[in-house]
Amino acid sequence: MDSIIETQRQTHEEIERYETALYSLLSRNQPTHEIKLQTEHKAAQVLDRISSRVTALHNYYLDEDARKAEIGALSAPAAAQNDLSEFYARLVKIQDHYNKYPDAVPGGFELELAAILEEGNQDGLDDDYEEEDPISLLFSGEEAYGKYLDLYANHTTYNNLKNISKRLPYLQYLDVLLAAQNGLLHSELSKETRATRDYEAYIQSLHDYLLSFVKRTQPLVFIQTKHQEAEAEFEQKWDAGEFVDWEENKLAKRLAVVDGAGEGLWCSACQKSYSKKTVYEAHLTSKKHLKATSKQAVSDAPPQNPNGTQTPTAQSAGNGQVSHRRLRNSALLTHLSTSLLVMLVPTISETKSNVERRFSLTAREREQELLEQVKPPPAPTNASGDAAGEEEEEERIYNPLKLPLGWDGKPIPYWLYKLHGLGVEYRCEICSDHVYMGRKNFDRHFQESRHAFGMRALGLPNTKHFHEITRIEDALSLAEKLKQEGRHEIFEQETMEELEDDEGNVYNRKTYEDLKKQGLI
């Protein structure tokens with residue numbers, strides 16, 4: 001469609017639906033490392049699509065001329081309110097498009113979202129079909145789907161550097177990389193080693209691999225921003241001279257010479273270079289220098305340069321600039337690699353543990369481990385689903401009559417249910433209207449704590465006289481009747497309960513409370 005208004009509306013809709021898809025992806029359960037990494041890569045793809053749509057939408061809004069022209073075409077003047085020529089012209093364009101492409105699939109955006117949100121072969125209809133995982137192709141066998149680092153090539157290059165103190169085994173090389181969290185990487189190497197071209201190539205290779213590994217294993221981390229921040233930090237520190245171990249060699253400084261009349265160390269008359277300024281100044285009064293100076297003054301031609309047409313000053317300055325650029329580039333790459341290694345400290349530790357574990361395995365155990373890695377992993381989702389289904393079938397018990405369960409967790413037989421009268425309800429008002437099923441349970445409840453608590457709350461003893469009494473009114477009237485007949489069993493609680501004072505004297509409750517009220521206890 002040519003309408004910029006419709007294009008903006010459609011872009012807004014796509015952004016909202018991508019955001020919903022991103023939420024659906026990140027809210028899924030991620031039980032394994034592989035599933036988590038696959039989800040993160042899909043989320044990164046969705047974020048890239050959202051970013052591209054937002055950029056395009058911003059450009060649409062900046063194109064004010066196209067928007068005004070579109071709004072003017074859609075808005076008919078007052079004199080031509082019934083003019084539908086623009087509408088029919090656009091309708092004809094749409095019809096011509098679909099007549100030209102009759103096989104065009106509608107809903108392409110829906111298919112794209114479905115491809116992003118799919119979770120593989122969930123139905124398990126074709127177990128023999130093994131879908132190729134594109135994320136696994138990003139990693140080597142040693143990296144094990146991004147769990148470990150593969151630094152064997154960098155380790156070999158490190159051991160082949162010149163002027164290193166000793167060659168390190170792989171485990172000690174990993175320890176050197178782990179030490180980057182405490183300071184700059186490879187601070188154990190000498191300045192001469194770090195100034196060589198071989199070290200520059202090595203640190204470039206290490207930096208490229210670490211950057212690639214971070215992008216593959218942490219797709220949701222915007223590594224370019226952190227990379228630019230680390231580079232800006234290096235520029236600031238380099239200009240401030242904080243990289244003390246990366247100062248230029250004194251030899252390179254000595255080669256940057258100037259004329260003999262100044263502070264340079266090259267004497268054009270003697271055609272000789274001097275290592276120190278004091279030696280250079282001392283030779284100015286020597287007979288050899290004076291003789292060479294007088295000879296140069298008499299001769300009109302400049303002194304011959306034994307190294308060619310280029311003067312030693314220009315040649316030394318060129319060598320110094322090349323050495324400076326190489327040293328600065330090596331320092332920059334070392335600083336950037338240090339920042340990447342700090343992010344990968346847990347992964348390097350896991351790599352070291354894995355290497356130590358593999359060293360302890362026998363050849364047969366290593367072969368068995370390789371065979372297990374080649375085998376396709378089982379589908380945990382389907383297996384767990386089948387197990388859950390079996391458990392649900394076991395838990396689902398057919399009990400339409402809602403019979404009580406027996407000792408085996410199954411409903412008791414219906415004849416036993418009728419024999420014990422478990423279908424008859426007995427309600428006790430004293431027990432807060434609790435319902436007891438069956439006569440046996442009802443008779444037993446008079447000696448239980450629930451009924452005794454209810455009687456105690458009424459101020460009545462739970463004796464045999466109140467057996468079978470379930471209504472509060474009946475219990476109170478019975479207590480009054482027993483009191484009028486001279487039955488003193490109702491007051492047994494006051495006389496039978498004994499209390500002890502501080503001196504150890506024992507009284508019944510009534511006597512104890514009377515003495516306490518009088519202050520005698």
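These legends describe close-up views of a predicted model.

**Figure 1. Overview of the protein chain.** The predicted chain has 521 residues, and 26% of them count as buried. It holds 23 helices and six strands. Among contacts between residues at least 6 apart in sequence, 55% join residues at least 24 apart.

**Figure 2. Helices α1 and α2 pack side by side.** Two packed helices are described by the angle between their axes and the distance between the axes. Here the axes of α1 and α2 cross at roughly 160 degrees and come within 9 Å. Angles over 145 degrees count as roughly antiparallel, so α1 is roughly antiparallel to α2. The crossing of the pair is left-handed. From α1, the contact uses Ile4, Thr7, Gln8, Thr11, His12, Glu14, Ile15, Tyr18, Glu19, Leu22, Leu25 and Leu26. From α2, the partners include Thr39, Lys42, Ala43, Val46, Leu47 and Arg49. Further partners on α2 include Ile50, Arg53, Val54, Leu57, Tyr60 and Tyr61. By class, the contact of α1 with α2 has 14 nonpolar, five polar and five charged residues.

**Figure 3. Helix α1 meets helix α3.** Helix α1 spans residues 4-26, and α3 spans residues 64-74. Their axes lie 9 Å apart, at an angle of about 110 degrees. Angles of 65 to 115 degrees count as roughly perpendicular, so α1 is roughly perpendicular to α3. Helix α1 contributes Ile4, Ile5 and Gln8 to the contact. Helix α3 contributes Ala66, Arg67, Glu70 and Ile71. The residues of this α1 and α3 contact divide into four nonpolar, one polar and two charged.

**Figure 4. The buried side of helix α5.** Helix α5 covers residues 108-117, and its buried residues are Phe109, Leu113 and Ile116. They lie on the same side of α5, because they cover an arc of only 60 degrees around the axis. An α-helix has 3.6 residues a turn, so residues three or four places apart point the same way. The buried residues of α5 pack against α1 and α2, the latter being residues 33-62.

**Figure 5. The buried face of helix α6.** Helix α6 runs over residues 152-159. Its buried residues are Asn154, His155, Tyr158 and Asn159. Seen down the axis, these buried residues fall within an arc of 135 degrees, so they line one face of α6. They pack against α9 and against α7, residues 170-178.

**Figure 6. Arg216 in helix α9.** Arg216 sits in α9, which spans residues 197-217. Its relative accessibility is 14%. Buried means under 20%, so Arg216 counts as buried. Leaving aside residues up to four places away in sequence, Arg216 touches Leu37, His41, Leu138, Phe139, Glu143 and Tyr209.

**Figure 7. Leu482 in helix α21.** Leu482 belongs to α21, residues 472-484. Leu482 is buried, because its relative accessible area is 9%, and the cut-off is under 20%. His465 is 17 residues from Leu482 in sequence. In space, the two are 9.1 Å apart, C-alpha to C-alpha.

Conventions:
Residues numbered from 1 in each chain as written. Predicted model: local features only at pLDDT ≥ 70, side-chain atom pairs only at ≥ 80, totals over all residues. Heavy atoms only, no water. Helix = DSSP H or I, 4+ residues; strand = E, 2+ residues; numbered from the N terminus. Buried < 20%, exposed > 50% of the residue type's maximum accessible area, 1.4 Å probe, protein only. Contact = heavy atoms within 4.5 Å. Axes fitted to C-alpha atoms, helices over the stretch in contact; angles between N-to-C directions. Parallel < 35°, antiparallel > 145°, perpendicular 65-115°, else oblique. Nonpolar A, V, L, I, M, F, W, Y, C, P; charged D, E, K, R; others polar. Arc of directions from axis to C-beta. Left-handed = near helix turned anticlockwise from the far one by under 90°.
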